[in-house]
Structure formats: structure tokens, C-alpha cells
Amino acid sequence: MEDLNFQHKARARAGGSRKSAIIGVVASGNLEVLAERVLPDGECRLEIKTAAVGFGDVWQAVVADFVERYSPGGLKFSINDGGARPDTVSLRLAQAVRLIEEDGQ
Amino acid sequence: MTAPIKHGVQFPAERARTTSFNEASARMRLELLLDAGSFLEFIGPEQREVSPHLKIFDLPEQFDDGIVVGRGRLDGAPVLVAAQEGRFMGGAFGEVHGAKLVGLLRAAREIESIPVLILFDTGGVRLQEANAGELAIAEIMRAVMEARTAGVKVIGLIGGRSGCYGGGGLIAGCCSALAVSEPGRIAVSGPEVIETNRGVEEFDSRDRALVWRTMGGKHRRLLGAADVFTDDTVQGFRDAALRLLDVVGPYGLDKLKAEQIRLADRLRSFGACEDAVDIWTAEGIVHAEDVPELPADQFIALADNIGRTSRDAR
Amino acid sequence: MLMSIDAETRTTAATWQRHREARDARIEAGSRLARGKIVEARDATRLMEAVIRPGDRVCLEGDNQKQADLLSGALLAVDLAKVHDLHMVQSGVVLPEHLDLFDHGVAKKLDYAYSGPQSARIARMLFGGKIELGAVHTYLELFARYFIDLTPHVALIAAVSADREGNLYTGPNTEDTPTVVEATAFKDGVVIAQVNEIVDRVPRVDIPADRVHFIVKSEKPFFVEPLFTRDPAAITEGQILTAMLAIKGIYAPYGVQRLNHGIGFSTAAIELLLPTFGEKLGLKGKIATHFALNPHPALIPAIEAGWVQQIHSFGSEVGMDDYIRARSDIYFTGPDGSLRSNRAFCQTAGLYACDMFIGSTLQIDLQGNSSTVTTSRIAGFGGAPNMGADARGRRHPSEPWLKAGSEADPDSPAALRRGRKLVVQIGETFGDKNVPLFVEKLDALELAEKLKLELAPIMIYGDDVTHIVTEEGIANLLLCRNAHEREQAIRGVAGYTDVGRRRDRNAVELLRQRGVIRRPEDLGINPLDADRSMLAARSIKDLVRWSGGLYAPPSKFRNW
């Protein structure tokens, strides 16, 4: 296992009012993303525990594009990764943002 | 064969009708099974009650340890629910996973009046925490029986991809009633375990038609091990759960004795059969070999006709 | 020039039928073991020893799917003093016995096209010098050589049934048989067929009796591998996204009606999206109407929904027989009702009469060359290079062909401009175990260096590839005007692979503005909409339901 942490400035606060959202399952090639609205509006943090060791630079690129595109200000993402491919990671992160921005709890 | 209607524009009931229970995640199953918006999770993922063992094996954890527990409403009436995530470590029971279910059942025992739905999806005990997992199975079985003794109905819903194997099969056997779908499987030893221990001549685990006619939902329904058969939709399981909650009676010594008689009868009648098809034939089904191909509605009619479930037993 | 005919040339003339005489001698030797043409299975090895000579070219029918497994076992058991150093010419090296022949010394030289399950062992044996390799071919190429310089002396083939005369019914999996028999029987070779049963009257005559010399009845039916069944339950959201991009970004704008699909999950996803996503886009009847394609179970929903008009097939697929029989409007069937497949004709159809090939690969380099070879596996080519190649001999126009041609060469006068076949590579940027699809250097090149091959085993050459589709978008290589643009277009859809991360961001942005690269959002597709609920069937069971119970999947695909 490898732990990776990324901290980014976000352009704007993520929409919606939900406190948290979870998406995905930890399985081979899959991951779970827990999004929590616990940070100041202009910040974003990702804490990753991944089964695939040695892909730090790929994660960094995926995360940078994600923050640039979705501006998830105020959100902390905790990720348990079973060795998902970058496209799956991007998709789950986007799904997590969509979920927490939905109305509801 | 569902229309590709997007989530956003579908009503929850419509989604429940078009969503495969087999394919859905544990969370999706609960969301669509219960009355819309009624689910409240206990010990949710944000509490990060993860397995204390997996880290030692350098394996990834899941924030809910592969089981979602909580409460919600079914047609307005309160229920306690537990749903296993069959894709995380095959839905296997570990220490935390098991403890969450034990806690739920003990709460039900204390409350006495709120039924429990267990959405099984498990290969059995998690190898990496085998001792804790085995203990959990024993504790859960005890907790099920204590809850039932206190008047709680405990209903098992089985239709996940990992089936209901190992200790899961034992726990299912303790429930007040079970609902099952065609892809659902119930057994203690899995196909690969049987093949490894007894040889491929005894059981070819790659012969999936054999696996399903021996352990699958249709056979379990015809054998009386499952009380209701449903099509593989979340709505189907919701309807099945409601039906079972309606018909399950109180639990006591008489019922246990009746269950013993039922099982002894079953062994006497079918113990010599070599294959599930022989059992179905012995049950009086004409063209028993066609049973696996029957669509759900025709199979349900057939199973209701055979009528092999006893309300007095279990 | 006047030639004098002397006594010596007349003597030579007298022996101008020595091939026929040799063939007759072989048949004579074999006939001692036969009653009529029928030889008992237990005598099959003695039959081989009687009719095969050392150094013969032998075609052991190993097709893509159908295997003459009884005859391959019999050949393996021959006395090496009588039969050795054979030159095997066969399209598929699929069974372990096919390679055991080389280990034992029965065979020495190999010319083939496809080696699927044996790809790792064949690589080891080539390195170890156990096999003298002629060449790895495409199907059509090997078939062509059967008629020029690789004509078999003996063909060992497989059929479903034979009558006592020797007429053969090859069943739905006719595959290569007619081609092999044509080349062998009409050039003085010997044809031996294994059959599942001997009947009074065959359901239809696929091979006439006068081309068949011996028949061996097998105890069990010949082996057929279900190669084209893709379980919809295993299709991922990423594959659905790439499939959506392909339909909206390629099928629709070019109006592709005549095509061939590869066998991967991405193309299975396309097949399952036609009746849903395709229907919503109003494309029914406008795309995907005529196929050169095996009977893919994943296409059943599209057929049932009225999308498909006609399919010609290379081979069949296990479990599809009853469905095909009941849908003869769609498939080619014989008077008996069962599928008639033919690999050579279908390959030709795919090459000349289809406007698009779309399929997956394992590696793509910066020029767009693609290969399924890795350093430890030589899978061969099969048919993809015939499908995935521009047909230079093509002369008939069609809308997609002309449009692709004009994109590639906008400046030539239209009447003199060649069209182009659309050759589309589809895949996810990372494959199994996070292995990148895009590489700076193909493993195939490394392999060619190690084995000292004159040609690297390239599946599809970069200059034939017109589009690459990944979850990152579509790269239209027809619109690239030089090698630099082409490289950046490929890097631009290579996502987070090393190749993708080394892209020139400005160059890629410019290509996007020109429509050379099209992102999902450029096509109005939200990646979050790529959901499994869009698939017309999400399980094998759904396919059975769509087929009205006619599709009978093999046991290994069932969950009921």
C-alpha cells in the first residue's frame, strides 16, 4: 500500500449543501471516494491509500486536472484504491462531486 | 432489458423496477429497496470504522468494511437493515463487518418490534481475519436466534453476485424467511471448495449450469430453503420482503421442531438423488430439465404450485 | 524460335503427371486400412503413416474456432521413422498438440496465421529453435499462399457429418474447410476428414465427395471454442464511454453502414448501445446495417430491434445455432437452415465491401502502428489486418469511403481521389493491470530484433489507421498533415499514460480547435452519463431474453 496526499487551491466552493457523499467500491481495478465538506471554501485536499505502488506522478496529474475542471472547493476526498486505472479514478472523483452537489441530506 | 432512462428523470419506484439487484451496489440496493429518502446509516463511512487486520496484510480497506447497516422504512413501517457489499473482498465477514451486524441484531432484540432485513452478498469468512470472522458468524447466528426469540422477524434477501456462502449460508439458515432471485446462490461450501476437496468428478466448478442448478435461486426455492422467488430487480426484492414480513409468524419451540421434521423429510425424499433435476422430477415437475430456462413469472407459478414451503417450520 | 523435340524431352513429358501418380499411390496405401473411404478411429495413425511422406506440407485444420482434434492426436502418434520433418501450413495453432508435433519431431517448419491460446508457448519454441518459422500471416494471405507456394500435400480437416460417399456437411463452423480442400484436392493432394457422425444423407453438401479421400469417425464432436461471446456484465463505464464516442463521433458523421467489429468489450459495448443510445440519436437504419462478422451474441438486441439487415460470417459461435436458423433474413444459411460460414469469403468481404473496421489492440505507438504482440507472446494476426487495411484494389464509391478520402486528401480532384477505409482503433488508455495502451516503442520491434525477423509483427500499420478512440476522445488521423501533428493527435488521446503526459499541450489544443481531436464535451457527451443502465442487455441472461430463448449460451457464461 502507498499513501499519497495532495493539497490544492480551488477557484470556487463546490455547490450543494450535503455534508458528505460516498461512491464506488474497493475492488480490483476499482476504488471508493468519500467526499466531505470540511475545509475552507478555497481549499481542496485528497488523501489516497492505494494498492498500486509507484503511480504517484500519475495520481498527481489526475488530481490536478480534476481540481482544475471541477473546482471542488471546501471538499476533502478520502480514497481507498484497489488499483484503479486513471480513467476510473477521474470518473469516480467526478461522480463524488456530482453526488455531494445534489440536493438532499 | 431496461430502457436507458437516466437517473435524474426517473422516479425512485421506476428505478427500483429497472435496477438489477444483482448488479447494484449494497448502497444502491438499500436506497431503492426502502421508502425514498428514509434510510439512515449507523456507523457510516465517515466514521472510518475499518478493519484492524487488513493493514497488516498490506491490503486496502473500505470505510464501511463491506457492510452498510442502518434503519429505514418499508411502506411506511420501520425496518432495520444490513447490506453486504459483495465486491469488497467478496462480501466476506471480518471482525468489524460482523460486529456491525451483531450490533444491529442486538438492537432489534432490545426493541423487539422492528424487523430486520439482511441483504446477503458473501463468500463467507474473510481469510485474513479468519478467527475474528468465524467468531462473528457464531455471534451473528446467536444474535439472529435471540432476536427471533424476542419476536423479531429476520428476513434474508439473497441475489448478489457473491451469493450467500460459508458462514453466510449458516446465518441464512437461521433467518425467519428468505427471498431469492435466479442469480442468487445459497450454500455453505462453494463450488471451488467442493471441487478442491472432492475432485472434479464430484463437482465441476466451471460447469456453471451445474453450480446454479445445485445452489442457485430456483433450486433453493423448489427445495423450500427459500420461501419466495423474485425476478432480479430491487423492486422485486422490496415486494418479496413486504410479503414475507406479512406472512412470517412467531418463533418458538414448536416451529423449531417442525423445521426439524421438514428437513428430515427432505433428506428422506431426496437424499438419494444425484442431481437437482432428479429432485425436481421427484417433486412432480414435468420437463424438470427445462426449469433453468423458465422465465421468472412462469417459474413463480410453478413454484407456488409445488408449494414446498411450510409456514409452520423454520 | 523453333525448338527441336528430342527423345529426352519426350521422356520428361511422359512424367508430367507424377504428382497425380504419387497421390494415387498414397490413396492406394491408405485404402488398405479403409472400407470404402471410411477408416476406423483406431487406425487413424496408421492412415497418417500410409499417406504422409517425410517433409510433406500438411494442413492440419486448426481454424479460429473448429479443430480437427482427433486427427491432430493421430498425427502426433506416428512412427518417426515413417513420418517426420513435416511442414505445417495451418491458419490456427490453437491446440497443445499442434505444438507437440514440433516437440516430438513430427513437424519441423511452420507457416500460420493465428495462435491465440498457444501464443506464449509458440514464442518459447521459436526462441528455443524448436520451430523453423516460415512466416506469420493474415488469414487471406495464408489462404492465397495455399494456391501459390504453400499448397498442402495432405489436408486433415474436420466436418460435422459425412455420407458413405464422402460428401461432407461442415455445419455452422464451415470456416476454412472449403479453401483448404480446394487447394489440396485440385492439386493432387490427399484430403482426410474427421467427422462427428456418418449418416445416410448429409443435411447439405458443403464439400463434394470427390474431393474427400478418407473419413474417420470421431468418438466425440470436434472441439469448438466460443471466442466471440462477451458477457455484458463485464462491460465497464469506460468502455461504454468510448462506445458512445465512437457511435456519435464516427458512425454517425460518416454514416457507416457496412462494417466489421473486433471481438473486444468496447465493440460489444457499441453493439449493445445501438438500440438505446443509437436509437436516441435517430441513427437506426442510417448506420450499422450490414456486417462482416461472426454471430456475436451481443448483437442480438440490435438485430431484434431492427437495426441490422445482413451479416456474413467467418465462422459461427457456440450457442447461436438456433437463433441463426430462426433469423435467416439476417444470416447466410443453407437449404438445411443452418449457418454457412466461410472465412476466406468473409475476409474478402471485410476487406473490399466494408467501409469500416473497428477493433481493439494491445499497443499503439506514436505513428499509430498497433500490435497485439508482447515480448513473451506471439498471438499471430488472424483476420484483423485484412479488415484493418485500406483496400487499394477497391473501385466502388460509398459515402463514408469518399468522405474519409476527401479528409485525407482535400486538394486532389474528386474524380481522381481514392477513398479511404475507416480503420478505427478503440480502447482505454490503460488496459488490464494498468498496462498502458500507448507506447513509444512497440514490443513487436523488440521481438523482431530478438528473433532476427525481417518484419516486426505489426497488426495494423499506422498509415492504415484513420481514427483512435479512447475515453479521452477521438483522434482523427485523416486530418493530420504531417508526422508531428499525427504524433500529437495520438498523444492527445493517450490520457495519463507516459505518452499522453508528454504531449505538447498547445499543439494538442490547436488540433482540438481544428476538430482533429474531439473531446467528449465537444461531442455533447458527459462522461458521467456513461452508465451501465444504457446497455440494451446487461447480462448473458438478458441476451437470452432478447433472443426469445433461441440463444443457448455455453455453460461457462451462465449464472442461472
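## Around helix α5 of chain C

The elements that cover the buried residues of α5(C) include β2 (57-60), α4 (69-76), β4 (86-92), β5 (107-114) and α6 (119-127) of chain C. This is a predicted model, and the description that follows should be taken in that sense. Helix α5 of chain C spans residues 96-104, and its buried residues are C:E97, C:H98, C:L99, C:L101 and C:F102. After α5(C) comes C:G105, a residue whose phi is positive, near 95°.

## The eight-stranded sheet of chain C

Chain C also contains an open sheet of eight strands, in the order β14-β13-β12-β15-β18-β19-β20-β21, whose pairing is mixed. At its edges stand β14 (310-312) and β21 (517-518) of chain C, each of which pairs on one side only.

## Chain B: sheet, helix and loop

In chain B, seven strands form an open sheet with mixed pairing, and their order is β1-β2-β3-β4-β5-β6-β7. The edge positions belong to β1 (40-42) and β7 of chain B, each with a single partner strand, so one side of each is left without a neighbour in the sheet. From one strand to the next the twist averages 25°. Within this sheet, strand β2 (residues 67-74) of chain B and strand β3 (residues 77-84) of chain B pair in the antiparallel sense over eight bridges, and B:G70 stands opposite B:V81 in β3(B). Helix α2 (residues 26-33) of chain B lies across β2, β3 and β4 (116-120) of chain B, and runs at about 165° to β3(B).

Is B:G224 buried or exposed? The residue lies in the loop between α8 (217-222) and β7 (228-230) of chain B, and because B:G224 has 20 C-beta neighbours inside 10 Å, it counts as buried. B:F57 is 167 residues from B:G224 along the chain, and the C-alpha atoms of the two are separated by 41 Å.

## Confidence in chain B

The mean pLDDT of chain B is 93, and 95% of its residues reach 70 or more. Over residues 1-9 of chain B, however, pLDDT stays under 50, although the model has 14 contacts beyond four places in sequence for this stretch. Where pLDDT is low, the predicted coordinates should not be read in detail.

## Chain A

Chain A has two helices and five strands, and along the sequence these elements follow the pattern β-β-β-β-α-β-α. The C-alpha trace of chain A spans about 35 × 25 × 20 Å along its principal axes. A compact globule with 105 residues would have a radius of gyration near 13 Å, and the 13 Å of chain A agrees with this.

Of the 105 residues of chain A, 46% count as buried. Among the contacts in chain A with a separation of 6 or more, residues 24 or more positions apart account for 86%.

## Contacts of chain C with its partners

How many residues of chain C are in contact with chain B? The contact involves 17 residues of chain C and 16 residues of chain B. On the chain C side, the elements that give two or more residues are α10 (265-280) and α20 (540-546) of chain C, and α20(C) contributes the largest share, three residues. By residue class, the side of chain C that touches chain B divides into six nonpolar, five polar and six charged residues.

The contact between chain C and chain A takes twelve residues from chain C and 13 residues from chain A. Here the residues on the chain C side divide into four nonpolar, four polar and four charged.

Note on methods
Residues are numbered from 1 along each chain as its sequence is written. Chains are lettered from A and ligands numbered from 1 in the order in which they are written. This is a predicted model: local features need pLDDT of at least 70, side-chain atom pairs count only at pLDDT 80 or more; totals for chains, interfaces and linings use all residues. Two strands pair if DSSP finds at least two bridges between them. Helices (H or I, at least four residues) and strands (E, at least two) are DSSP runs, numbered from the N terminus. Two residues are in contact if their C-beta atoms, placed from the backbone, lie within 7 Å. Ala, Val, Leu, Ile, Met, Phe, Trp, Tyr, Cys and Pro count as nonpolar, Asp, Glu, Lys and Arg as charged, and the others, Gly among them, as polar. The radius of gyration is taken over C-alpha atoms; the globule rule is 2.2 Å times the number of residues to the power 0.38. A residue is buried if 20 or more other C-beta atoms lie within 10 Å of its own, exposed if 12 or fewer, and partly exposed in between; C-beta atoms are placed from the backbone. pLDDT is the predictor's confidence in each residue, from 0 to 100. Axes are lines fitted to C-alpha atoms, for helices over the stretch in contact, and angles run from 0 to 180 degrees between N-to-C directions.
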